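Please have your viewer ready.

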Amino acid sequence: MKYVDEFRNAELARAVSAEISGLVDPDRHYKIMEVCGGHTHTIYRHGIKDLLPDQVELIHGPGCPVCVLPMGRVDEGIAIAERPEVIFTCFGDMMRVPGSRVNLLEVKAEGADIRMVYSPLDALRIARENPDREVVFYAIGFETTAPSTALTLQRARKEGIENFSVFCNHVTIVPPVRALLDSPDLRLDAFIGPGHVSTVVGCRPYEFMPADYGKPCVVAGFEPLDLMQSILMLMRQLDEGRCEVENQYGRAVLWEGNLKALEAMAEVFELRPYFEWRGLGFIAQSALKLSADYADLDAELRYSTPGVRVADPKACQCGEVLKGVLKPPECKVFGTACTPERPLGALMVSSEGACAAYYNFGRKSFEKVEIGSR
Amino acid sequence: MSHGAGGKATHKLIEGLLLPALDNPALAPLDDAATLPFGDSRIALTTDSYVVRPLVFPGGSIGELAVNGTVNDLAVSGATPLALSAALIVEEGLQTEILAHEIEAMARSAEKAGVSVATGDTKVVERGKGDGLYVITTGVGLADQELNLSSAAVRPGDKILCSGTLGDHGAAILIARGDLELEAEVLSDTRSLTPLTQALKDTAGAGLRFMRDPTRGGVGTVLNELARDSGYGVLLWEEKLPIRDVVHGACEILGIDPLYVANEGKLLAVIAPEIADAALEVLRNTEGGEDAQIIGEVREEPARMVVMHTQFGGTRMIDMLVGDPLPRIC
């Protein structure tokens, strides 16, 4: 398939793999964090670890918006979804995220009107088509999806659609990364920057990583060759003693970002003073809420959600996994009390979460299996 | 709801509730069709209910599915399908033309598959108590006593054959539901597999070890069941998987893995290595098997697991699906 196969070329992959191996100092262990859950998914789906030397270890970061959502926010969404007048709309992978009692799939099976959408604009269309119902969009995501929520709200305002509101759970990427970098038990050498987020925010926001913490960062695309090339670029920086932000995903990411999208976000959203992250706790100025101008379309206000806090399960070690201190299978409950069917911790929830990806694609080490082609 | 998606939850429902209560020797193997002694021969028996939205989709409709699906459960158990029963549950308000269209579709598919619809039943339920039309078909066939098709017959080195492109039916349904605003020419692959299973029986004889039609849950689920039940590993080669560009594209956009997408006219067969190439050739020369491929093989290790050698040069595990496949956000 065009624009896909080119980026999955096995021959090129082997060449890049050899070049990475050539740069490895055999006595050193490299820990590279891919911030974004989409990258985690690619790494497992294509078996990228098999193409990296043993000394290079990939640590899966906090960039899965579904995983980092605290349970209390899920419960509040479910409470809105259960109201008889409401058509509740959300992205597909929200459906299985566990609240403290049930998940959205279960609530839907019990009869709540919950519809999976691909874009917030679909939710707005549903509102237009059902003027006697209240349509709520459960917004999640980093800066990747926030602009589409912003544009939808602008359109709702322009068209005067009043039976539509947004339960906003948008989060921002820089604060959790900074929180990780501030953590005393952090052991990372470099970062693979989140490609989709960067199409919106650009590369500039990552400059603090080399400047304040001495960690190189390469913004990467989502095909397997994109990731291999980004790892090579990081290894070159480490080898040459450089430390800077580089852009591998030039075909989609501008250094300054997408100014129009940022403008729309600035109009519709404002920063929350703090927000809870599953596995990471409270982080200051790390999430968005609707600005005062859009308060009438804010589901939190329309339904006066109480802001309940539900503590993460005690046995859960997601925080340690997120910081790269533990690998997924080293967690006490991995694969036993915590599985994709009954996730306990954040990282087992979505297929982009580090633990779920590890469980689904990489649970067993296959190095010993001879895998030659037919 | 995930208990109906064909993955882990479905297994739990069957093995936790149904099997203990109804336990008997014909049910216990949990094959697509049960076989029962009848004089000197053996009868194959299977039943399935069809709940589909929308009722008509590109490339087929519920009537065709209800005939082909049940015929195929008989065919992949090695039996020769003889006759079907059909029960229709009609929701009050369903248009007569739609019902007529589906009856017509059933008649046409039955004729094509060489079976008769020998008995039937209709019930009407109140408006709002059904999705227009549910169809339940039961099929009877004559089992082939020469064949020993089971996961226990599978040996390391055996090849895994797939009769054609993967995911067409599931992708056609997803697109036809219209929630995704995707427009693409994908047709469901619903068809009777009898010509293909007959061709394999004739060619491979005792070298034919195992057959399944990878419907709900897709190829990934069937191969996981095979790995679990046989105790061996299954290795797939990603570059050998026959997947149409348009299905591949739709799956990429939706973040769904075609290995778990439903098929309604595809056959997975495990064949002894010495006869595999000949069997592939025969499949490719049979209607409905033109795109057949050898997609993998059975290995000693890793036991009870399915792994795939990716096109990119790595390996990954193909696990049992949990619930319905859900699209990813980014």
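The report below goes from chain A to the domains of chain B, then to some backbone details.

This is a predicted model, in which local features need pLDDT of at least 70, side-chain atom pairs count only at pLDDT 80 or more, and totals for chains, interfaces and linings use all residues. Residues are numbered from 1 along each chain as its sequence is written, while chains are lettered from A and ligands numbered from 1 in the order in which they are written.

Let us begin with chain A, which holds 14 helices and 13 strands. Helices (H or I, at least four residues) and strands (E, at least two) are DSSP runs, numbered from the N terminus. For 374 residues, a compact globule would have a radius of gyration near 21 Å, and chain A agrees with its 21 Å; the radius is taken over C-alpha atoms, and the globule rule is 2.2 Å times the number of residues to the power 0.38. The C-alpha trace of chain A spans about 65 × 45 × 45 Å along its principal axes. Of the 374 residues in chain A, 53% are buried. A residue is buried if 20 or more other C-beta atoms lie within 10 Å of its own, exposed if 12 or fewer, and partly exposed in between, with C-beta atoms placed from the backbone.

In chain B, the domain assignment (bounds from an automatic or database source) gives domain 1 (33-142) and domain 2 (151-317). Their centres, taken over C-alpha atoms, are separated by 24 Å. The contact takes 19 residues from domain 1 of chain B and 22 residues from domain 2 of chain B; two residues are in contact if their C-beta atoms, placed from the backbone, lie within 7 Å. On the side of domain 1 of chain B that touches domain 2 of chain B, α2(B) gives the most, with eight residues.

Helix α4 (residues 168-177) of chain B has eight of its 10 residues buried, so it is largely enclosed by the rest of the structure. Among the elements covering those buried residues are β3 (56-57) and α7 (245-254) of chain B.

| Cis bond | Omega |
|---|---|
| B:Arg53 to B:Pro54 | about -5° |
| B:Glu301 to B:Pro302 | near -10° |

B:Pro302 sits in the loop between β12 (293-299) and β13 (306-309) of chain B. B:Arg304 lies in the loop between β12 and β13 of chain B, and has a positive phi of about 60° although it is not a glycine. With 15 other C-beta atoms within 10 Å, B:Arg304 is partly exposed.
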